[in-house]
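Keep to what can be computed from the atoms.

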Amino acid sequence: MFRDRRRGLIIAAAAAASLLMAGIAIPASASQSATPAGGQASVDKIVQKYDHPMGSQIRLHEGTKDMPPRTFDPQDVTIQASVAGIDVSGWQGNVDWAYWWGQGKRFVWVKATEGTGYTNPYFNQQYNGSYNQGFIRGAYHFALPNQSSGATQANYFSSHGGGWSGDGKTLPGAMDMEYNPYGATCYGLSKAAMTNWIRDFSNTYKARWNKYPAIYTSTSWWNQCVGSSFGATNPLWVARYASSVGTLPIGWSYYTVWQYSSSPIDQNSFNGAYDRLKVFATNHD
């Protein structure tokens with residue numbers, strides 16, 4: 001669990017962390033074993049310093065540290081059915097997938113990459129372990145739009161676990177668009193420049209996998225930093241930690257996934273029945 005994992009992280013050798021400081025990704029061997037190479041302490045130090053979990057900056061900037069329990073608004077007629085899911089990153093380490101299956105979770109997005117200098121060292125256990133348990137799973141990328149082009153990051157993501165196939169068990173890749181963990185809220189980009197960056201990422205991913213990526217964001221960040229419409233192409237994964245999903249970001253009239261809490265782990269709801277979730281993981285765009 002996120003909070004338990006965070007408390008358990010061990011501060012150790014700075015040498016391993018310096019690899020990422022220099023823009024070098026964690027070696028593939030560290031991403032492909034249940035116990036990542038380089039020593040547990042070194043790996044956890046890298047995660048602690050360089051892994052920004054989905055929604056971490058939204059919670060920091062939008063004052064949503066303590067999450068209320070979810071209760072669907074009975075007046076919201078757009079919700080006909082839902083499927084429970086979660087998302088995870090390096091902070092969760094090796095995940096007990098049988099436990100979360102027993103809690104009724106049926107889908108998961110796993111963090112694969114951030115920028116072009118970080119890969120989740122626990123990706124293999126999380127991505128393949130969830131699949132083996134029966135989850136419909138996908139991968140996500142934490143975008144750093146001021147560091148390299150959208151196309152560059154889409155290709156990096158695609159080459160490090162972010163691919164897609166219409167097998168009914170793989171969710172489309174997702175780009176995590178939220179507050180800059182290193183500086184200016186909108187990464188120093190104008191709305192037009194941010195729109196172009198997102199379109200570059202989205203079109204590159206679509207060209208490679210014949211599927212548009214989902215976009216994860218909050219209404220507040222999106223309207224401030226982007227303000228453009230992607231509703232005709234990209235599924236919306238909206239973050240709002242409240243009893244109802246509220247106003248959606250500019251450009252969408254419908255959400256596909258709602259992240260409604262981070263306690264005791266990031267919790268998500270798919271806006272549809274299980275058969276529609278399978279279609280989402282099957283159909284090409």
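**Charged and aromatic contacts in the chain**

Glu114 counts as buried because its relative accessibility is 3%; buried means under 20% relative accessible area, exposed over 50%, and partly exposed in between, with a 1.4 Å probe and protein chains only. The model is predicted, and local features need pLDDT of at least 70, side-chain atom pairs count only at pLDDT 80 or more, and totals for chains, interfaces and linings use all residues. Residues are numbered from 1 along each chain as its sequence is written, and side-chain values use heavy atoms, with hydrogens and water left out.

The side chain of Glu114 meets that of Lys111 in a salt bridge, 2.5 Å from N to O. A salt bridge here is a side-chain nitrogen of Lys or Arg within 4 Å of a carboxyl oxygen of Asp or Glu. Side chains of opposite charge can pair when their charged atoms come close. Lys111 has a relative accessible area of 0% and is therefore buried.

Lys111 also forms a salt bridge with Asp51, where the closest N and O atoms are 3.3 Å apart. This pair links distant parts of the chain, with Lys111 in strand E2 (residues 107–114) and Asp51 in the loop between H4 and H5, 60 residues apart. Helices (H or I, at least four residues) and strands (E, at least two) are DSSP runs, numbered from the N terminus.

Where does Asp51 lie? Its loop runs between helix H4 (40–50) and helix H5 (56–61). Asp51 counts as buried because its relative accessibility is 2%. The side chains of Asp51 and Tyr118 are joined by a polar contact of 2.7 Å. A polar contact is a pair of N or O atoms within 3.5 Å; within protein, one must be able to donate a hydrogen and the other to accept it, and residues adjacent in sequence count only if both atoms are side-chain atoms. Leaving aside neighbours within four places in sequence, Asp51 is in contact (heavy atoms within 4.5 Å) with Ile46, Ser89, Gly90, Trp91, Lys111, Glu114 and Tyr118.

The structure holds three salt bridges. One of them joins Asp285 and Lys211, with the closest N and O atoms 3.8 Å apart. Asp285 lies in the segment after helix H11 (274–280) and Lys211 in the loop between helix H9 (191–209) and strand E6 (214–217), so the pair ties together parts that are 74 residues apart in sequence. Asp285 is partly exposed, with a relative accessible area of 45%, whereas Lys211 counts as buried at 4% relative accessibility.

Aromatic rings come next. A pair of aromatic rings is described by the distance of the centres and the angle of the planes. Rings of Phe, Tyr and Trp (its six-membered ring) pair if their centres lie within 6.5 Å; planes under 30 degrees apart count as stacked, over 60 as edge-to-face and the rest as tilted. A search of the whole structure finds 17 aromatic pairs. The rings of Trp97 and Phe135 have centres 5.2 Å apart and planes at 65 degrees, so this pair is edge-to-face. Trp97 in helix H6 (residues 97–102) and Phe135 in the loop between helix H7 (123–133) and strand E4 (136–142) are 38 residues apart, and the pair links distant parts of the chain. Both Trp97 and Phe135 are buried. The rings of Phe123 and Tyr127 have centres 4.8 Å apart and planes at 20 degrees, so this pair is stacked. Phe123 and Tyr127 both lie in helix H7, four residues apart, about one turn of the helix. Elsewhere, Phe157, Trp197, Phe201, Tyr205 and Trp209 form one aromatic cluster.

Helix H7 also holds Ser130, which counts as buried at 0% relative accessibility. Not counting residues up to four places away in sequence, Ser130 touches Trp97, Val108, Gln125, Phe135 and Arg137.

For the chain as a whole, the secondary structure comes to eleven helices and nine strands. Buried residues make up 54% of the 285 residues. Among contacts between residues at least 6 apart in sequence, 71% join residues at least 24 apart.
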